[in-house]
Amino acid sequence: MTAYIIRRVLYAVPIALGVSIVCFTLIYLAPGNPLQTLLPEDASAETVAMVKKAYGLDKPIPVQYLIWLGRAVTGDLGKSIASGRKVSEEIAKALANTMVLALGAIGLSFSLAFGLGVTAGYLNGSWADRVVTGIAVIGVSIPNYWLGMTLIIIFAVELQVLPATGMGPGGSSTFHIFNPQHLRHVVLPVVTLSMIPMGIIARTTRAAVAETLNQDFVQTLRAKGLKARTVAGHVIKNALPQILAVIGLQFGYLLGGSILVETVFTWPGTGFLLNKAILTRDIPVLQGVTLMLATFFVVTNLLVDLLQTAVNPRMQRH
Amino acid sequence: MIHHGAADSPALQTLDGRVGAPPKAPKALKARSYWQTVGYRLRHDYLTLCFGGVVLLIVLSAIFAPLLAPADPYQTGMIARLKPFGYKGHLLGTDELGRDMLSRLLYGGRVSLTMGMVPVMLATSIGGTLGIVAGYAGRHVNMVIMRTMDVFYAFPSILLAVAISGTLGGGMRNGMLALSLVFIPPLCRVAETATTQVRNLDFVEAARASGAGLRSIVWHHILSNALGPVFIYASSLVSVSVLIASGLSFLGLGVEPPTPDWGLMLNTLRQVIYIAPSLAALPGVLIFITSICFNLLSDGLRAAMDIRM
């Protein structure tokens with residue numbers, strides 16, 4: 001087991017390095033050269049040379065990458081061109097806000113999808129199964145930015161029971177879980193975000209439960225005369241690693257994929273920050289957010305893999 | 001006398017209706033080829049046919065938008081702005097600049113569907129080729145290609161699409177480029193898995209032993225076996241691609257403003273949800289219908305093409 005953990009962690013290192021290379025390359029994908037965003041057009045050759053030197057742009061690209069990586073590892077992601085603040089500080093604040101949404105959405109989607117999936121898996125082929133499959137397809141096909149807008153129209157414009165946008169009264173940008181005003185703001189974005197994971201978790205749970213029910217040991221348990229409820233406990237325990245893996249993966253997707261929903265609800269999270277960075281062509285922020293979220297995704301995947309192996313040692317990947 | 005044993009069987013009686021007719025050789029059951037089976041299954045899957053019909057309708061209405069649109073989608077009208085459904089010949093009302101919604105939605109389908117479908121096609125050809133090369137060549141080539149793909153796998157798809165098209169500076173072409181890049185790794189992985197499985201089977205070995213060249217082996221044996229899974233997977237990506245493409249437009253990373261596009265329309269109409277809520281939600285309904293129909297169509301195709309079922 002220890003050997004497996006070490007091997008799996010070591011495998012994640014080159015992936016994380018690859019991710020950092022992709023993020024570093026983003027600067028060179030941007031039209032024009034990085035200097036254009038820093039200097040006025042009529043800057044003299046001397047100024048250009050000076051700024052180039054100050055930013056390390058006079059060195060060969062691989063060296064630039066290593067310097068950038070060294071800084072990134074120690075938490076220095078440069079400064080925002082738009083606000084002048086440290087990118088790492090902006091990201092830390094935004095990440096906490098996105099985390100609120102992602103945790104809420106994963107909790108909500110799991111509690112909805114688990115019941116649905118288990119029911120459908122048990123009643124494989126029945127009308128209930130078809131209804132659940134239908135709900136799951138709707139969940140993954142619905143454009144969540146549109147769903148968010150529709151929910152705003154229904155609950156904020158027509159019924160006026162929930163706030164439309166923002167995170168709290170007066171444009172607050174820190175979340176307080178015990179503040180009822182803040183909790184009211186979190187409802188619509190969380191519901192919106194939970195649709196896709198709900199569909200995917202329900203589908204996976206259904207498949208995992210149906211597959212487990214087909215295994216011989218279930219027959220044996222029933223033949224032994226165990227109560228249906230006890231058998232169900234065994235079935236769910238066996239289906240759990242698969243469900244767990246999907247939940248972890250979906251959590252990573254939620255962190256990285258909340259940009260559309262955050263834009264709809266003007267939620268001051270990483271997605272909103274990313275959108276702002278794109279509009280202002282603030283490449284350091286764009287790069288930093290992408291690097292942070294992708295690294296999070298790699299780590300989440302790693303943790304899920306390890307957790308899965310802990311629950312079911314047969315799942316070890318070679 | 002010839003023994004008429006076969007004529008007594010109920011099968012033959014129902015075949016030619018008369019008892020005691022001159023015996024015919026029982027009709028041999030024609031073996032169905034793989035594609036005939038798939039076609040047979042699809043013809044009898046009415047639900048899938050239905051969704052396919054809707055998809056066809058959406059695609060056709062986008063193609064023939066110039067013929068179907070009742071008005072010029074760019075024609076603004078300062079007086080008739082944000083009018084409700086059915087107002088003075090505007091079946092679906094008018095938008096914030098007084099343009100006919102129905103015409104804009106029809107024309108919008110052209111951009112939205114192109115942005116959704118072209119990346120999947122591009123990614124299928126590039127990712128599929130890379131996957132087959134990796135699977136067939138094996139060893140180092142496989143390692144280099146697949147480990148590179150793993151890196152792109154480490155990005156949530158929307159994040160990668162937004163980051164690339166955001167850096168490139170938006171626009172339809174950059175959006176499609178970004179989406180293609182997002183879909184190459186999963187398609188490559190599917191093609192690689194299928195190729196690796198086929199490559200080690202005995203019949204490929206037999207073909208090689210009987211002197212078949214690389215080209216003929218790849219063409220006849222690898223492609224015919226790897227294309228199925230790749231195609232099924234690609235069809236399931238269209239729905240996702242339409243969603244993300246419209247999402248990019250929604251963020252302002254798609255086409256430039258006067259051009260109609262569902263995602264972009266949703267974005268501009270977002271400002272007026274307090275004035276004309278049902279109008280604002282309309283483009284999203286189309287994105288939803290398109291995405292769900294492609295999704296269900298792909299599920300049907302998967303069921304029909306899955307030989308193990």
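What share of the contacts in chain B with a separation of 6 or more comes from residues 24 or more positions apart? The share is 67%. The model in which these contacts are counted is a predicted one, and the paragraphs below go through its two chains, the side on which they touch, and several individual residues.

Chain B has 12 helices and zero strands. Of the 309 residues in chain B, 43% are buried.

Chain A can be described in the same terms. Chain A has 13 helices and zero strands, and its pattern along the sequence is α-α-α-α-α-α-α-α-α-α-α-α-α. Buried residues make up 38% of its 318 residues.

The axes of α10(B) and α12(B) are 9 Å apart, and the two helices pack at an angle of about 170°. An angle over 145 degrees counts as roughly antiparallel, and α10(B) and α12(B) are therefore roughly antiparallel to each other. On the side of α10(B), the residues that make the contact include G228(B), I232(B), S235(B) and S236(B). On the side of α12(B), they include I287(B), T290(B), S291(B) and F294(B). By class, this contact has eight nonpolar, nine polar and one charged residues.

Helix α10 of chain B also holds P229(B). Is P229(B) buried or exposed? P229(B) counts as buried, because 21 C-beta neighbours lie inside 10 Å. Leaving aside residues up to four places away in sequence, P229(B) touches V190(B) and A194(B). P229(B) and V190(B) are 39 residues apart in sequence, yet their C-alpha atoms are 7.0 Å apart in space.

Helix α11 of chain B, residues 262-269, is mostly covered, as seven of its eight residues are buried. The buried residues are W262(B), G263(B), L264(B), M265(B), L266(B), N267(B) and L269(B). They pack against α5, α10 and α12 of chain B and also against α6 of chain A.

The next topic is the side on which the chains touch. How many residues of chain A are in contact with chain B? There are 39 residues of chain A in contact with 35 residues of chain B. Several helices of chain A each supply at least two residues of this side, among them α1, α5, α6 and α10. Helices α11, α12 and α13 of chain A are also among those that each supply at least two. By class, the side of chain A that touches chain B has 30 nonpolar, nine polar and no charged residues.

One helix pair across the two chains can be followed in detail. The axes of helix α13 (residues 283-311) of chain A and helix α7 (residues 157-168) of chain B come within 11 Å and cross at roughly 165°. Helices α13(A) and α7(B) are therefore roughly antiparallel to each other, and their crossing is left-handed. From α13(A), the contact is made by I283(A), L286(A), T290(A), L293(A) and A294(A). From α7(B), the contact is made by L159(B), A163(B), G166(B) and T167(B). This contact of α13(A) with α7(B) has six nonpolar, three polar and no charged residues.

Some local features of chain A complete the account. Helix α3, residues 61-73 of chain A, has 13 residues and should span 18 Å at 1.5 Å a residue; the distance between its end C-alpha atoms is 18 Å, which agrees. Just after α3(A), G75(A) takes a positive phi of about 95°.

Most residues other than glycine have a negative phi. Phi of T266(A), however, is near 40°, a positive value in a residue other than glycine. T266(A) lies in the loop between α11 and α12 of chain A, and T266(A) is partly exposed because 14 other C-beta atoms lie within 10 Å.

D42(A) is found in another loop, between α1 and α2 of chain A. With 6 other C-beta atoms within 10 Å, D42(A) is exposed. D42(A) and L17(A) are 25 residues apart along the chain, and their C-alpha atoms are separated by 38 Å.

Conventions:
Residues are numbered from 1 along each chain as its sequence is written. Chains are lettered from A and ligands numbered from 1 in the order in which they are written. This is a predicted model: local features need pLDDT of at least 70, side-chain atom pairs count only at pLDDT 80 or more; totals for chains, interfaces and linings use all residues. Axes are lines fitted to C-alpha atoms, for helices over the stretch in contact, and angles run from 0 to 180 degrees between N-to-C directions. Helices (H or I, at least four residues) and strands (E, at least two) are DSSP runs, numbered from the N terminus. Angles under 35 degrees count as roughly parallel, over 145 as roughly antiparallel, 65 to 115 as roughly perpendicular and the rest as oblique. A crossing is left-handed if the near helix is turned anticlockwise from the far one by less than a right angle, and right-handed if clockwise. Two residues are in contact if their C-beta atoms, placed from the backbone, lie within 7 Å. Ala, Val, Leu, Ile, Met, Phe, Trp, Tyr, Cys and Pro count as nonpolar, Asp, Glu, Lys and Arg as charged, and the others, Gly among them, as polar. A residue is buried if 20 or more other C-beta atoms lie within 10 Å of its own, exposed if 12 or fewer, and partly exposed in between; C-beta atoms are placed from the backbone. The expected span of a helix is 1.5 Å times one less than its number of residues.
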